[in-house]
Structures are given as structure tokens and as C-alpha cells.
Amino acid sequence: MKPREETGAQAVRNESGLEIKPVYTATDVESSGGGGGIGAPGEFPFTRGIHKDMYRKRPWTMRQYAGFGRPEETNERFRYLVAHGQTGLNVAFDLPTQVGLDSDDPAAQGEVGRVGMAVDTLRDFEIAFAGIDLNEITVSLTINGSAAILMAMYFAMAAKRGYAIGQLRGTAQNDILKEFIGRGTWIFPVEPSIKLVGDTILYCAEKAPLYSPVSVCGYHIRESGADPVQEMAYAFCIAKAYIDHVLGRGLHIDDFASRLSFNFDIHGNLFEQVAKFRAGRRLWAKIVKDQYHPQDPRSMWLRMIAGGGGGGLTIEQPENNIVRSAYYALISALSGTQTMALCCYDEAYTIPSERAARIALRTMQILIEEMGLCDTVDPLAGSYYVETLTNQMEQRICAVMSELEAQGGIVSAIAAGRIQDVVSRQAFERQRKLESGEIRKVGVNCYRMDAEERPPVEFHPFKEEVCAEQIERLERIRSERDNAKVAGALQTVRADAKAGRNVMPSIIAAVEAYATVGELTQCLVEEYGRYEEPTRF
Amino acid sequence: MKTEQKKVRVLFAKPGLDGHDVGAKVVVRSLMEAGFDVIYTGLRKTPEEIVRRAHAERVDVLGLSILSGSHLPICRRIKTLFEEQGRGDILWLVGGNIPDRDHEELTKLGVDGVFSVGTPLQSIVDFIHERVS
């Protein structure tokens, strides 16, 4: 094993390419350009946080990603997490649900209930959330391509249980543009996909004003190879694309902007990440203020879930991931996140075990209860290093955005596969640097053990019979429901899609009649078509 | 037998519904850089589409990247299709999130090389060089 080289004389750069000095002083902060200063917490430009009291008032929401098998199995895991102190839910759906297929579709074979919960109809939502108080525990749906349908199911389920939709809180990921860059659960072509996101924003602005219809994800773009600056820049460009779209359909910025949220990734250099979030918060506030002229200060808030860091975790020596996740959680707390979710240490192997999920939850609880992270707002403010880096990161993010906008904007860049090309090239370069040892990774290219022991990972038992049971339920519902009513409801969805009307009301009516995810997706595909992925290198 | 002039042809595919293609694209780039002629299918291809394409493009190597855990059902289907339609000399590789315990079954299905997450890129290139000549 090569020892770490001395870095005294050589230039040290962070992942975003900024040169890091051995010592920072007040002069560095001044000369790096403050862009209007950091201000006070809860005040424009919100560098220090979107709330005055931050975690003094309420710690971040703890929202571990969970879901597998049928809704019954998932409900059991939800109850387990809530019983152990989790304050929000973050639902994982299986791949057929994510790409709009029913469990009995031939293309769904082998995938039902595997990486998340299987959903075919409203009945599945009724089972998954049974016994969960939706006012007490807010629910985040990690769904994109089929988001309009799954959001409709959530609203229909909540209404059936007597919740007022106008008071309902929660989040849908529903950021389709990033799916074309990373994660890959797109269904429709780019333009109608944006229109569908627009439909959900318009619907929520009118009927569910406390619900967050979109969580714009830098996370998956970073996981696909973007550096921290690109992560923020691309996410902001995507958020602007949604904003411009719905403004074009008649909304005012204050009708919805306060309910937009973001999802960011944490791995790598601690200070770079903290600066990334502080810079991002300030820049986003300025962008919204200067370009969209809101009256409501909340429209300028960068609300975020931050954590995860899957790309930073390793399959080698997996227990080290417990330590990495704890640092990511610390970064997230130091950065003023609203919600935190951590990857579990065994996620490179399997669906997290109960034990691994509990350790991730305890990691956050230890920060809250033992480490003083909730005592004061933005504790790194005023650090010469962090403030300088915050200024520099803001300028970099701004520059990447300007460059992209000058080239015609993010939507055309994604449609042509240009962003995909940039990030996948970087992912390749990064892999090469990991293999050459230029980027050091503990347990991977340094501090390896001669005979790597097999890790103490408990594999999640995937039950093949779960799929058969899910299909049986689907068949039963198809035979018991009012099929004339379903056919009529689907016809309305198709007509609304064809006419360019908002499809949310008719999708909700259809799911209430127990139309399936696959049937609804098929209706929309008939009008919108399917996305063709650019695959040339 | 390959002559010096003929490049090794590789079909690199993402079967099933899994959308995680970072690793697939990294491997595709490294194979291209190693001088192979690589066709990347993109996401969500069925075993039928993949086998048909492998034959139509007369490839020497078929690489599959699967991270969703559905590698066994997918590879069972591909084995059946190979049995029905012939396999020729196609070298069959599978990579991604493949637990150790499944390596043996994949080998029994006819997979020539299993490359789990963490495999150095060069060892995939070397394996192909060694086996396709």
C-alpha cells in the first residue's frame, strides 16, 4: 500500500476544481466576492438557512427510503420505522410501477416487488398506508415517470380516509427531466413529460397547496457523474424549466414556488458539500427574486432533502459505510437541510435489513440528541474557509448555468443526450482515477485487506410467491370493479390528454374506479408516445 | 478465428426495467477505448430483443448489466433463447449487483464471466482478449 503523499507544495483541488489553500483569512472571504453577504437565517438571501430558528424549532425530518414486496410487507416496514422514531416516510416502488406496467405485464416478470413496493391499483395504497396518520407522518413518493398516476392514488387514498386534500402535506419526487440523465424511469418523450409535471403542479396549486408536487433532483445527476457544481447547476436549470412551463400556463410564481423542493446528494469533501448547499441556497433565492419577482419570500426558499450518498459508499468493507453515512448526515445537518435520508450500509448488496435501516435512523438521532447539531443555526458561518468556498461555489454554479442557457437550455441538451454524455464521460474518468489510485477510496484502492472477509450482510429474502399474490389481487380487482365505469374514466383521460387539458382530475377519477397503473399509462402513451433514448457514444 | 484487422464486436445491453446505467456506460467506454467495436442497446431491452440483436449484429461478445437483482430470471430466459436460436461462439458476460451466491447458477446457465460491482475495468478487457481470439 502506497502511503498518502505529502501535499505541502502541490496544488490541492476539490472535486469541483477549486484550488484549496493551506490557510484562509478574512482577506480571502473579501476577495472571493460575497454576492451581497450571507445575511441572517430566515432572511434573503437565505445563505444561512431558510428558517430563523432552524432545528431549534424542529429537527430535520428523518425519512428513510423503504418499500419492497407487496403493500403488506411495505406497511410492516413503515410501521417498524415509525415505531423507532422516524418522522416521515419515503416510498420505494418496484420497477414495473415506476415505468407504468401492471404486475402481470410480461415485461414485469421477475421484477414485481423486487426493488420496491408493487402497486397496481388504489387498493395497494390503501393497504400500504393503513394505520399511518398522514397528518403526523408526511409521505414522500419516489416516483417519476408514472408520478401523475401515483400522486392521484395518494390523493384518492387520503380523501377516502377522510383527510382534506387542501390540508395534505407530502412530496412527490416527480422530476422527470433528471430521469433522462440518470435513474432512467422515463416513459413519455421529453415535452409531454414536462407537460405532465406541469399538470401536477397546476393541480396542487389549486387543490393541494401544502403538497410538494416536485422534488428537483441534483442527486441522481451527481450519481451519474456530475461534480457538485454541475449537480446544483443542472438541478436549478431543470427547476427553471418547470417554473417557466407552468408560468406559461397561467400560474403566478407565488402560487407554487414555495412548494417546490430539491433533492441533493452528499458524498466527497465535507467543506465542499457544505459550501455547495450554502451557495446553492443563496443563488436559488437570487434567481427566483431576479427572474420571477415573487412577493412571498417563501417562493425563494431552497427547501431540500439531502443525504444519501450512495455513490460514496462501497461494496468493499461495507461496515465502513456506517461511518461514511454518519459523516454525510453531519454534513447534511451542518448544511441546514429540511429532510434527511441516509443510504444503509448494506445497500450495495441488498434491500436494507431492518437492522441496517435502524442503524441509519439511529445515526440521525445521535446527531440530534447527543451532538448538539440542533442547538444553533448554520454553525460553520463565518469560517474563512467555508465562506470563501461558498462564494466560489456560487460563482461556479452560476457560470455552468449561464453556459448551458447560452447553448439553448437544459431541455434541448437533455433531449439531444448532451448532458448524459458529459456526466457519463466524467463517471468513466472518475472510475479510471479510482482504479489508478489518483482518487483514494478507503477499502477500495487503499487499506485493503489481503484476504477480504465476506461481509456480514444479511440478504433480503426475495419471495417469488409475492408476485403471484400481487397478480392474484390485481385479477380479483379487475373482475370485481365496475368495468364500464373504468372504461369511461380511461376514455376521459385519453380525451383530456389529446386536447392538452390537465389530466390530473380525470386520472384521479380513474384511480378511484380502480383503473390500474398499466391501463392509465397505456392511455397516456397512446396520446404522448414513448421516449426514444439516445444510445450513441 | 479473428485476424488482426477484425475488431472484436460487443453488444452491451441493459435487460429488464433497471434504469441504473452509470456502470454500463463506464464499461462501454472502457471497451471502446480498448479497441472493441461496441454497440450499446440503452435501457429496458427484453431478452428476446437482446438475443435477436446479438445474432443480427454478429457479435463476439454479449455483455449484460443488471443492478436490480433480477439477473437470474433474465439469464434463464436468455439461456432458453440461445437454446432455441443458437448461440454460436458468443462470449456471454454479466455484470452489476450480482451476489456471490448466484455466480454458480449463472455459470450453470452458460454465462462465461460474472463481473460484480468493484471489478477493475481492465480485468473485463483482459477477460475478453483472453477468451475471444
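This report describes the fold of chain B in a predicted model.

## Secondary structure

Chain B contains five helices and five strands. Read from the N terminus, these elements follow the order β-α-β-α-β-α-β-α-β-α. The radius of gyration of chain B is 13 Å, close to the 14 Å that the globule rule gives for 133 residues, so chain B is as compact as a globular protein of that length.

## Dimensions and packing

The C-alpha trace of chain B spans about 40 × 35 × 25 Å along its principal axes. Of the 133 residues in chain B, 49% are buried.

Contacts in chain B can also be described by separation in sequence. Among those between residues at least 6 apart in sequence, 77% join residues at least 24 apart.

## The sheet

Strands of a sheet pair through backbone hydrogen bonds, and the pairing is either parallel or antiparallel. In chain B, five strands form an open sheet with parallel pairing, in the order S2-S1-S3-S4-S5. Strand S2 (37–40) and strand S5 (113–116) of chain B stand at the edges. Each of these two strands has a single partner strand, so one side of each is left without a neighbour in the sheet. From one strand to the next, the twist averages 20°.

## One strand pair in detail

Strand S3 (residues 61–66) of chain B and strand S4 (residues 91–96) of chain B run parallel and are joined by six bridges. Within this pair, Ile66(B) has Gly96(B) in S4(B) as its bridge partner.

Terms used:
Residues are numbered from 1 along each chain as its sequence is written. Chains are lettered from A and ligands numbered from 1 in the order in which they are written. This is a predicted model: local features need pLDDT of at least 70, side-chain atom pairs count only at pLDDT 80 or more; totals for chains, interfaces and linings use all residues. Helices (H or I, at least four residues) and strands (E, at least two) are DSSP runs, numbered from the N terminus. The radius of gyration is taken over C-alpha atoms; the globule rule is 2.2 Å times the number of residues to the power 0.38. A residue is buried if 20 or more other C-beta atoms lie within 10 Å of its own, exposed if 12 or fewer, and partly exposed in between; C-beta atoms are placed from the backbone. Two residues are in contact if their C-beta atoms, placed from the backbone, lie within 7 Å. Two strands pair if DSSP finds at least two bridges between them. Axes are lines fitted to C-alpha atoms, for helices over the stretch in contact, and angles run from 0 to 180 degrees between N-to-C directions.
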